[in-house]
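Try each one yourself before reading its solution.

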Amino acid sequence: MNNQQIAQIFSEISDLLEIKGATPFKIRAYRNAAETFTNLAESESVMDSKALLSIPSFGKDLASRIQE
């Protein structure tokens, strides 16, 4: 899976969370993740969890979702 595909998935998740009425913080976190992956130079497939956590705005929750 490449970065653009991951960005698309996070974008779709943020849309679904908004429809569901999730907290604005959670929606914004997924939108920020989508934008970050759109602009990320390194492929996620070569990044480990420590590298993912070093990306600004990525927490343990998003890093674990990406690795799933």
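**Exercise 1.** Work out whether Ala22 is buried, partly exposed or exposed.

*Solution.* Keep in mind that this is a predicted model. Start with the number: Ala22 has a relative accessibility of 23%. Buried means under 20% and exposed means over 50%. Ala22 therefore counts as partly exposed. Next, find its place in the chain: Ala22 sits in the loop between H1 and H2. Finally, look at its neighbours: leaving aside residues up to four places away in sequence, Ala22 touches Leu17 and Ile27.

**Exercise 2.** Describe how helix H2 (residues 24–39) and helix H4 (residues 60–67) pass each other.

*Solution.* First, the geometry: the two axes come within 11 Å and cross at roughly 55 degrees. The crossing of H2 past H4 is right-handed. Now for the residues: H2 brings Ala29, Tyr30, Ala33 and Phe37 to the contact, while H4 brings Asp61, Leu62, Arg65 and Ile66. Sort them by type and you get 6 nonpolar, no polar and 2 charged.

**Exercise 3.** Which residues have the most contacts inside the largest nonpolar core, and which element gives the most to this core?

*Solution.* This core has 15 residues, and Phe10, Phe37, Leu52, Phe58 and Ile66 have the most contacts inside it. Then go by element: helix H1 (3–20), H2 and H4 each give two or more residues to the core. H2 gives the most, with 5 residues.

Conventions. Residues numbered from 1 in each chain as written. Predicted model: local features only at pLDDT ≥ 70, side-chain atom pairs only at ≥ 80, totals over all residues. Heavy atoms only, no water. Axes fitted to C-alpha atoms, helices over the stretch in contact; angles between N-to-C directions. Helix = DSSP H or I, 4+ residues; strand = E, 2+ residues; numbered from the N terminus. Left-handed = near helix turned anticlockwise from the far one by under 90°. Contact = heavy atoms within 4.5 Å. Nonpolar A, V, L, I, M, F, W, Y, C, P; charged D, E, K, R; others polar. Core = buried A, V, L, I, M, F, W, Y, C linked by side-chain atoms within 4.5 Å. Buried < 20%, exposed > 50% of the residue type's maximum accessible area, 1.4 Å probe, protein only.
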